[in-house]
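Below is a briefing on one protein chain. The notes cover the chain as a whole, then a few individual residues.

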Amino acid sequence: MAALWTLPLLLSARLLGCLALTPPDELPQPHNLPPSLGFNISHGGPSVDLPMALRVFSVDYHHVQAPFEIVLWIMLASLAKLGFHWSGRVPAVVPESCVLIMVGLLVGGVIYGVRHSAPPTLSADAFFLFLLPPIVLDAGYFLPGRLFFENLGTILWYAVLGTLWNVLGIGLSLYGVCLLAQSSLGDVSLLHCLLFGSLIAAVDPVAVLSVFQEMHVNEQLHILVFGESLLNDAVTVVLYKLFESFLRLPSVSGLDVLLGGCRVVVVGLGGLCVGLFFGLVAALTSRFTSKAQVIAPLFVFLYSYLSYLTSEMLHLSGIMAIVTCAVTMKQYVEANVSEHSNTSIQYFLKMWSSVSETLIFIFLGVSTIQDVHMWSWPFVCSTLLLCLIWRATGVLLLTAVVNKLRRNAVTFRDQFIIAYGGLRGAICFSLVFLIDDFPKKRLFITTTIVVILFTVFVQGMTIKPLVELLDVKRKKRALPTVSEEIHSRLIDHLLAGIEDVVGYWGQHYWKDKFEQFNKKYLRRFLIREDHQARSSILRVYQELERREQRGDEEAPPLVDPRSHSRLLLPEEMDSIRRILSRNLQNFNNKQTPAYSRHTLHQDATTDRTRKPLHRHQSLGERRTHWPQQWYHNSDSVTLELNALSRVLAVCSISPRPVLQDSSATAQTGPADPRPAGDDQVSPQHQVPAGRTPKKQLSFVLENEKQQ
């Protein structure tokens, strides 16, 4: 274990030596050297000529400096992540993001001690163009679509109005603090406070995912927190660019504010349209990859990244574009490509996003060691306190309104976790470095770092104990069965029909209309003919098979259900026998006449005579005549045994013949009302002589095993 943690430090020290090398332009040049050393003088300066002798070994680090350092950083991040998961009980107490930031702080301190200068920082371009897209793509591609769209209204309510509430509240409150502390903060304007409020209100999906995935909270709470953090970033980035544009104007008028509001809408909807376009193109392209399945996963990454870059080029929301592209193409791409390609897509996305997330947290720690810090107790403490207050009040007020429109209300415990789970991360850290230079920029950088470290360390480490203390509902970790999916769709169709009858256009109505449009047009156009499921049940089964084959994290370990069962009392077993025998006998004797809506009233003279079914014997009686009864009345026996197996879960296959109980035979003989011929086995069910008889099914209760 010590080797896993010391190896990253050795790599970082090696990297420091590489970074400390002098560029080739600053190397001392030889003058007036003899020609035997391979140098000649021409045009008044030294020039390198071909060596007089062959070199056996040489080093040219500057030729591979950039890729070599990138590989070393990725190796450092991967080894740090590996060491975290092999560190015993540490993952159960400390979140992974905290450990990675601490590793970054340690590496940054080593770099600062060796070079006596600030370590390299994570540039905004590197973050937004290379590290953020894989994380957002992974989150969008594996987004639980049903939960997301069922809670879309609440998510947008939190992401849009909640973000505006936090930005305006924090910005205006900080401006009031600056007015109170005129001596030290008098040169901070209102627009600067609003600009800082827009970036400090950004809830980071990277930090939220890294913490909430380890707690396994219920699906509704997880999708509300994750969806709000995902769309919150798109809103905060747009607001940040809007206030940045206001700062560059000589004066801001009412028309500028109105145009700024229109720009927010255009940026969001524009990113949505760009993502939708590239998602449909990616789905259409995957339809023609049957003869080149090797490159099929490549189109998922290329079209997604292209949608993000196109949106950034057009100054639209890249986060909205890549999420929309991933959600749009997922169901069509999974239906077109093979299972091996789906597995490749899943593992590559997980690997890519995991490496990006690890690099982000390590660079957060490394970039904290800087010479540009400026401290102000009123500003830093006020920012930290205002972030908590405005988020908590926003969640409580917005939830009070949205609960009046929801069927499943957001409980107070869930509201507390939503408010407490507003973790800050690399989004606000990258945005703060993009601010144009002004006297208090270093104060903004220091305050942002303090807020990030507080939310990740304090809130991130205490949120799991709070979830357990408040007894927040956890997630059902078992994968849904086909029966559950079918019943869920049945309820959806039923609710859609009810909404259609009463004339209410709710979410089930529009969902049903989209499913019809998708089945009639989109699936026929975007999915190959040989991959289109003929039945919706078959499509559900195929989806569950894919989820089971790729080994979802929600799948629980196989546990024997009988390990926690208790022994049944004799009176309980007698009660179970009586209930099952009576109900099964009534079920077999019941006649359900067939009818349609045109013939609702059956003719009274209809012949209702039916051959009476024989009374079912009790379990003890059935064991005495098992072979004959199994072949004679196999359907009813199978039905009863299935019911009993579900109740008692003690069904077993026994290769030995069941022993006859003479006392039980004597008791059951006179009481059996059947004709004598019914006890004989039919000729088609007789076992021929010389053939090994089949294994008989024995059903033994736990209490009877102990006797």
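What share of the contacts in the chain with a separation of 6 or more comes from residues 24 or more positions apart? Such pairs account for 80% of them, a contact being heavy atoms within 4.5 Å. This is a predicted model, in which local features need pLDDT of at least 70, side-chain atom pairs count only at pLDDT 80 or more, and totals for chains, interfaces and linings use all residues. Residues are numbered from 1 along each chain as its sequence is written, and side-chain values use heavy atoms, with hydrogens and water left out.

**Whole chain**
- The chain has 28 helices and four strands, taken as DSSP runs (helices H or I, at least four residues; strands E, at least two) and numbered from the N terminus.
- Of its 707 residues, 41% are buried, that is, under 20% relative accessible area with a 1.4 Å probe, counting protein chains only.

**Ala326**
- Ala326 belongs to helix H14 (residues 318–336) and is buried, at 0% relative accessible area.
- Leaving aside residues up to four places away in sequence, Ala326 touches Leu137, Gly140 and Tyr141.
- Between Ala326 and Ala139 there are 8.8 Å, C-alpha to C-alpha, and 187 residues in sequence.

- His315, in the loop between helix H13 (296–313) and H14, has a phi near 60°.
- His315 is exposed (over 50%), with a relative accessible area of 55%.
- Asp471 has a phi of about 55° and sits in the loop between helix H19 (441–469) and helix H20 (482–502).
- Asp471 is exposed, with a relative accessible area of 57%.
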